[in-house]
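I opened the notebook to keep track of what I looked up in this structure. The entries follow the order in which I went through the model.

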Amino acid sequence: MTSSIVKLGNVATYYNGYAFKPSDRSPEGRRIVRIQDLTGSSYETNYFSGQLPDKFAIQQGDVLISWSASLGVYVWNDEPAWLNQHIFKVGFNKLQVNKSFFVHQIDYLLKASSDLAHGATMRHLTKNTFDSLPFRYPDQTEQLHIANVLDKVDLLLHSCSNVLEKLDSLIKSRFIEMFGPNEGSVRLSTVCTLYNGDRGKNYPSGKDRVEEGIPFVNAGDLVDGRISFEKMDYITEERYKLLSGGKIERGDILYCLRGTLGKCAITDFSGGTIASSMMIIRPNQNKVLPAYLYQVLASPLVEKQLQSSRNGSTQPNLSAKSVGNYVIPLPHINRQREFTDFVARIDKLRFDVQQQIEKLETLKKSLMQEYFG
């Protein structure tokens, strides 16, 4: 690809969001868009009823760049809102650049420049570092070609993700169809054993984290009901032996007690441990099967009980006791087994789709390196 190299700061103008204070928030007005609203990790929405200069306002189609804590590029496709600090709004008022081409290249640059981020507690790119990033600038025809190719890969990835969501919906529909409100009910603690993460003096510290070893599972490792090893932390075997609780066995359900409340996943391995923000729910498999219990814990029935038992406002949390008091339906084990057999068939389809996603992600990574590396 023939192209010139320009500094990112010369491509567009980057307007930083407004530094809202807690006292600026109101129950109505325009929404305030924070980094967690872009990443999908927000558990509340903030509003501002006053007026600000237009540079802090965002509209549908605006390109936003998170440069602190979580580096990322996003296209805003929601109602008009106000932009919070630590996020740039891009003004395309310097070079003539295709918006989709720009978004793809920024995505590549942010991932490639993560090592340039500063800060121990909150990683961020300084404005000078950001403006100095090298931006490949081919002619308009080449920009459009690259944008079209990468957009098509993203469309295929999105389609595969939609298939996964529909397969999940199919499982939930089957669950509702098979297990109505007339099932016998029990408290969770009567058919499961609950274990907290070890919070004592032997809790793993930073020096105990290693690249390979015993899995140390955090809430971020729970993805679509499964455990993801992609960014997982590990601890030394010596530290693992010192822990008095929270040790994982195959078929356990890991459940989040803080942050993303109720997020859960079934384990298909043994020998790991959990962060202090989580707990292990170990079903008595003579009475309740893990795949069935996972669907119960992810159902609206438990969601209502979760919301009524949560504590805290800024950092919501659940107690192990409140989780043990969840009331769940308990059909005969044979009917649970019929359901889990159905789930196993769906899982085979999920596996095929997930493999296709991995191939597309590899292809996209290769294309990004070719176009922007």
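In which sense do strand E6 and E7 pair, and over how many bridges? I found that strand E6 (residues 63-66) and E7 pair in the antiparallel sense over four bridges. I noted that two strands count as paired if DSSP finds at least two bridges between them. Helices (H or I, at least four residues) and strands (E, at least two) are DSSP runs, numbered from the N terminus. I then looked up Val63, which stands opposite Val75 in E7.

**Entry: ground rules**

I wrote down that this is a predicted model, in which local features need pLDDT of at least 70 and side-chain atom pairs count only at pLDDT 80 or more, while totals for chains, interfaces and linings use all residues. Residues are numbered from 1 along each chain as its sequence is written, and side-chain values use heavy atoms, with hydrogens and water left out.

**Entry: the whole chain**

I looked up the totals next. The secondary structure of the protein chain comes to ten helices and 22 strands. Its C-alpha atoms fill a box of roughly 65 × 50 × 45 Å, taken along the principal axes. Of the 373 residues, 45% count as buried. Buried means under 20% relative accessible area, exposed over 50%, and partly exposed in between (1.4 Å probe, protein chains only). Among contacts between residues at least 6 apart in sequence, 74% join residues at least 24 apart. Contact here means heavy atoms within 4.5 Å.

**Entry: the sheet around E9**

I went back to E6 and E7 to see what they belong to. Four strands form an open sheet in the order E2-E9-E6-E7, and the pairing is antiparallel. The edge strands are E2 (13-16) and E7 (72-75), each of which pairs on one side only. The twist averages 30 degrees from one strand to the next.

I followed E9 through its partners. E2 and E9 pair in the antiparallel sense over four bridges, and the bridge partner of Thr13 in E9 is Gly91. E6 and E9 also pair in the antiparallel sense, over three bridges. There, Leu64 has Lys89 of E9 as its bridge partner.

Is E9 mostly covered or mostly uncovered? I found it mostly covered, as five of its five residues are buried. Ile87, Lys89 and Gly91 point one way from E9, while Phe88 and Val90 point the other way. In a regular strand the side chains alternate between the two faces of the sheet.

**Entry: a mixed sheet**

I looked up another sheet. Four strands form an open sheet in the order E13-E17-E14-E20, with mixed pairing. Strand E13 (209-210) and E20 stand at the edges with a single partner strand each, so one side of each is left without a neighbour in the sheet. Inside this order, strand E14 (residues 214-217) and strand E17 (residues 233-235) pair in the antiparallel sense over three bridges. The bridge partner of Ile214 in E17 is Ile235.

**Entry: H2 against H4**

Two packed helices are described by the angle between their axes and the distance between the axes. I looked up both values for helix H2 (residues 99-112) and helix H4 (residues 140-178): the angle is about 65 degrees and the axes are 8 Å apart. Axes are lines fitted to C-alpha atoms, for helices over the stretch in contact, and angles run from 0 to 180 degrees between N-to-C directions. H2 and H4 are therefore roughly perpendicular to each other (65 to 115 degrees). The contact is made by Ser100, Phe101 and His104 of H2 and by Gln143, Ile146, Ala147, Leu150, Asp151 and Asp154 of H4.

Most residues other than glycine have a negative phi, and most peptide bonds are trans. I looked up two residues with a positive phi. His86 has a phi near 75 degrees and is found in the loop between strand E8 (81-83) and strand E9 (87-91). His86 is partly exposed, with a relative accessible area of 25%. Asp224 has a phi near 50 degrees and is found in the loop between strand E15 (222-223) and strand E16 (226-227). At 47% relative accessibility, Asp224 is partly exposed.

I ended with Ser276. Where is Ser276 found? It is in the loop between strand E20 (273-274) and strand E21 (278-283). Ser276 is buried, with a relative accessible area of 16%. Not counting residues up to four places away in sequence, Ser276 touches Gly197, Arg199, Tyr203 and Arg258.

Notes:
Parallel < 35°, antiparallel > 145°, perpendicular 65-115°, else oblique.
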